[in-house]
Amino acid sequence: EGTSLFRFQLYAAGDGNLPLVDEPALARPEMTVTRLNPGAYRWRVGVIQTTPEGSAEVWLPFQKLTVGG
């Protein structure tokens with residue numbers, strides 16, 4: 001019931017303050033990111049559920065991503 005939007009964030013592994021990618025209103029639970037430099041990253045997905053009573057945002061745990069060069 002209600003509307004679900006998805007949020008995707010990608011961070012460089014050593015920098016937890018500012019995301020490299022922050023897509024806050026994806027209508028589908030999918031995202032393609034290209035042209036990442038080799039290195040270690042972390043990413044997470046949030047779900048924003050909106051009902052007539054209000055909104056709630058829930059985050060999944062961070063996942064690791066390594067891009068080879």
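A polar contact of 2.8 Å links the side chain of glutamine 9 to that of arginine 44. Here a polar contact is a pair of N or O atoms within 3.5 Å; within protein, one atom must be able to donate a hydrogen and the other to accept it, and residues adjacent in sequence count only if both atoms are side-chain atoms. The model is predicted, so local features need pLDDT of at least 70 and side-chain atom pairs count only at pLDDT 80 or more, while totals for chains, interfaces and linings use all residues. Residues are numbered from 1 along each chain as its sequence is written, and side-chain values use heavy atoms, with hydrogens and water left out.

Glutamine 9 lies in strand 1. Strands (E, at least two residues) and helices (H or I, at least four) are DSSP runs, numbered from the N terminus. Glutamine 9 is buried, at a relative accessible area of 5%. Buried means under 20% relative accessible area, exposed over 50%, and partly exposed in between (1.4 Å probe, protein chains only). The side chain of glutamine 9 also makes a polar contact of 3.2 Å with the side chain of tyrosine 11. Contact in general means heavy atoms within 4.5 Å. With residues up to four places away in sequence not counted, glutamine 9 touches Val21, Asp22, Arg42, Trp43, Arg44 and Trp59.

Valine 21 has its own set of partners. Leaving aside neighbours within four places in sequence, these are Phe8, Gln9, Leu10 and Met31. Valine 21 also belongs to the largest nonpolar core, together with Phe6, Phe8, Leu10, Leu26 and Tyr41. This core has six residues in all. Strand 1 (3-12) and strand 2 (21-26) are the elements that give two or more residues to the core. Strand 1 supplies the largest share, three residues. A nonpolar core is a set of buried Ala, Val, Leu, Ile, Met, Phe, Trp, Tyr and Cys residues joined through side-chain atoms within 4.5 Å.

Serine 4 is also placed in strand 1. Serine 4 counts as partly exposed, at 29% relative accessibility. The side chain of serine 4 makes a polar contact of 2.5 Å with the side chain of glutamine 49. Apart from neighbours within four places in sequence, serine 4 is in contact with Ala27, Val47, Ile48 and Gln49. Serine 4 and isoleucine 48 are 44 residues apart along the chain, yet their C-alpha atoms are separated by 5.6 Å.

Arginine 35 sits in the loop between strand 2 and strand 3 (39-51). Arginine 35 is exposed, with a relative accessible area of 82%. Its phi is near 60 degrees, a positive value in a residue other than glycine.

The protein chain has zero helices and five strands. From the N terminus, the order of elements is β-β-β-β-β. The C-alpha trace spans about 45 × 20 × 15 Å along its principal axes. Of the 69 residues, 16% are buried. Among contacts between residues at least 6 apart in sequence, 51% join residues at least 24 apart. The chain exposes about 5,100 Å², and carbon and sulfur atoms supply 53% of this area. There are 6 positive and 7 negative side chains, and the centres of the two sets lie 11 Å apart. Lys and Arg count as positive and Asp and Glu as negative; His and the chain ends are not counted.

Note on methods. Areas by Shrake-Rupley, 256 points an atom, 1.4 Å probe, with all protein chains shown as cover. Charge placed at Lys NZ, Arg CZ, Asp CG, Glu CD.
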